Amino acid sequence: MQSSSFDYIIIGAGSAGCTLANRLTEDGRTRVLLLEAGGWDRHPLIKLPLGWGKVLLDRVYDWGYDTEPEQTMSGRRIEVARGKVIGGSSSINAMAYVRGNRADYERWAGHGLPDWSYDKVLPYFRRQETWEGGAGEYRGGGGPLATRRSRYQDPLVDAYLRAAQETGYALNDDYNGARQDGFARMQMTIRNGHRDSAATAYLRPALSRANLTVQVNSLATRIVIEGGRAVGVEYDHKATRCRAAAEREVILCGGAINSPQLLMLSGIGDPAELSAHAIALKAALPGVGKNLQDHVAALLMYGRRDASPLLQAMRADRLAIILAQGLVRGTGFATELPGGITGFVRSDPGQPIPDIQLLFIAGSLAAKPYMPPFSKPFGDSFACRIVLLRPKSRGAVTLASANPMVHPKIRQNLLSNQDDWSKLRAGIRIFRELARMPGLAPHIAREIGPGADVTTESELERYVRETAVTAHHPCGTCRMGGRDDEGAVVDSELRVRGVEALRVVDASVFPDLVGGNINAPVIMIAEKASDLIRNSCAGSISKSWQRREQSA
């Protein structure tokens, strides 16, 4: 077994891991090891926004997770894409920049977590970004992550916004600002025409630091716990079992699926479940793996009457030029996602904040290159994902085996709560009404899915349960809680209860879902965690640093 020693070991080079790797090595002295099970993010389709669909569907940079057969979703296994690559899911997501609603963080604060109120987290949202409009009360102007509005050009996009206004909804210049309600251009993490993932924004600027070691293709298999303290990590790298010691802390950033799995493999979890897999108990925390939540998304699809820019761009001879232009110059069609519009609405006027998000897709989901006369173009269409923002349904991540190579069991129980279905049903009604408005109707040939003839409650519910997917925002499986919250896995400073020198920093610590895409909140949590970690060591020099100074 190969062995080495560091001050901090970060497990997982996703959004949180990359952020922490940057912040914790800023002083030039703190030795950090960053472990990533996947490889580097060098593929050109990761870099180009237009490549997102193929990257997601091919699942090359994905853990390949699927749920167990979901009885609430017609017995289907639901795909659970999670990034297995430097940058994690920020390297394979749709680049949406959404912080959630102010009320989400006030709700967290009300559950015994006052340090996670909106006023307490806003500085970390501002610190993470460089907003195209410059710094302001709500926005940051000098952070690592580039954020800007979508610039996708398509007559359908303008028609969509007109239809929203005709339906009575307001336009919102900045849903990450003073208010969230309304329709707007989607804010994206794109810099100079290329994806600005956590890897490009946070990790790459830190790679030249001598105190940062990045180890790719390294699967963490166990957190080593001795005397109630996390002292290191065992991992497999190129068929070699390795062990690294952590003199200060082990920081788990594996995400909502991998983090609870590794905790359980390390002896932290429900005693009965660990015993069933003959895993020695290190800390009894029954909440590990519980409280799994995700945004469920229903899909409405429409045949398009006029030809879309996407249909024209996907002709193979044009596409080759478009991709080259995007890669080399960072300009042209490949530097945007077809769509770029979102809306935050309320399922009924009595809701205090928006509980439905509409994600507009301006091109066919079946788009692929074609070349007449050798192949025919795909059928032109557009779609909208209707996303339920704060579901009551809960699932769980459990072990399938004590072998780290075996995927855990994932049960999401989507739409298992009837109130969730009622709100999602209202969201479908809202978009169907919008599609009948004069601004959008001229672009619609027909409703493809579920079809205009599907109108009854039972027919619509059957369609949704047979076709709905997740919005890829799993969270909550190592949730944080206040001092008196017995079901919480980590405390308000993200320290695992019952184990010293071990933290979890990723979406798994969310107490519950926020109202929108979660990449920005995950980075916020990591930014805040970097201060918590550094402050815990303030006023003292690590023993390892003292030894190095003395030996020098």
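## Getting to know this predicted model

A search across the whole structure turns up 43 salt bridges, a salt bridge being a side-chain nitrogen of Lys or Arg within 4 Å of a carboxyl oxygen of Asp or Glu. This is a predicted model, in which local features need pLDDT of at least 70, side-chain atom pairs count only at pLDDT 80 or more, and totals for chains, interfaces and linings use all residues. Residues are numbered from 1 along each chain as its sequence is written, and side-chain values use heavy atoms, with hydrogens and water left out.

**Salt bridges**

- Arg31 forms a salt bridge with Glu247, and their closest N and O atoms are 3.4 Å apart.
- Arg31 lies in the loop between α1 (15-24) and β2 (32-35) while Glu247 is in strand β14 (residues 240-252), so this pair ties together parts that are 216 residues apart in sequence. Helices (H or I, at least four residues) and strands (E, at least two) are DSSP runs, numbered from the N terminus.
- Arg31 is buried, with a relative accessible area of 18%, whereas Glu247 counts as partly exposed at 31% relative accessibility. Here buried means under 20% relative accessible area, exposed means over 50%, and partly exposed is in between (1.4 Å probe, protein chains only).
- Asp154 and Arg304 join their side chains in a salt bridge of 2.7 Å, N to O.
- Asp154 sits in the loop between β6 (145-149) and α6 (155-167) and Arg304 in strand β17 (residues 296-304), so the pair ties together parts that are 150 residues apart in sequence.
- Asp154 counts as buried at 4% relative accessibility, and Arg304 counts as buried at 7%.
- Arg241 and Glu234 form a salt bridge too, at 3.9 Å from N to O. Arg241 is partly exposed at 39% relative accessibility, while Glu234 is buried at 9%.
- One network, joined by salt bridges that share partners, takes in Arg23, Glu26, Arg127, Glu527, Asp531 and Arg534.

**Aromatic rings**

- Rings of Phe, Tyr and Trp (its six-membered ring) pair if their centres lie within 6.5 Å; planes under 30 degrees apart count as stacked, over 60 as edge-to-face and the rest as tilted.
- The rings of Tyr302 and Phe431 have centres 5.9 Å apart and planes at 55°, so this pair is tilted.
- Tyr302 in strand β17 and Phe431 in helix α12 are 129 residues apart, and their pairing links distant parts of the chain. Both Tyr302 and Phe431 are buried.
- Ring pairs link Tyr160, Tyr169, Phe183, Tyr302, Phe360, Phe382 and Phe431 into a cluster.
- The charged end of Lys84 sits over the ring of Trp63, 4.6 Å from its centre, and the charged end of Lys528 sits over the ring of Trp116, 5.1 Å from its centre. A charge sits over a ring if NZ of Lys or CZ of Arg is within 6 Å of the ring centre and within 35 degrees of the ring normal.

**Strand β17 and its partners**

- Eight of the nine residues of β17 are buried, so this strand is largely enclosed by the rest of the structure.
- Seven bridges join β17 to strand β20 (residues 381-388), and the two run antiparallel. Two strands pair if DSSP finds at least two bridges between them.
- Gly303 has Ser381 as its bridge partner in β20.
- Four bridges join β17 to β23, again antiparallel, and the partner of Met301 in β23 is Gly449.
- Two bridges connect β17 with strand β24 (residues 469-470), and these strands run antiparallel. Val296 stands opposite Thr470 in β24.

**Two residues to look up**

- His443 lies in the loop between α12 (418-435) and β23 (444-449), and it counts as buried at 13% relative accessibility.
- The side chain of His443 makes a polar contact with the side chain of Asp306 at 3.2 Å. A polar contact is a pair of N or O atoms within 3.5 Å; within protein, one must be able to donate a hydrogen and the other to accept it, and residues adjacent in sequence count only if both atoms are side-chain atoms.
- Not counting residues up to four places away in sequence, His443 touches residues including Pro155, Arg304, Asp306 and Phe382, where contact means heavy atoms within 4.5 Å.
- Asn519 belongs to helix α14 (residues 519-536) and is buried at 15% relative accessibility.
- The side chain of Asn519 makes a polar contact with the side chain of Ser15 at 2.5 Å.
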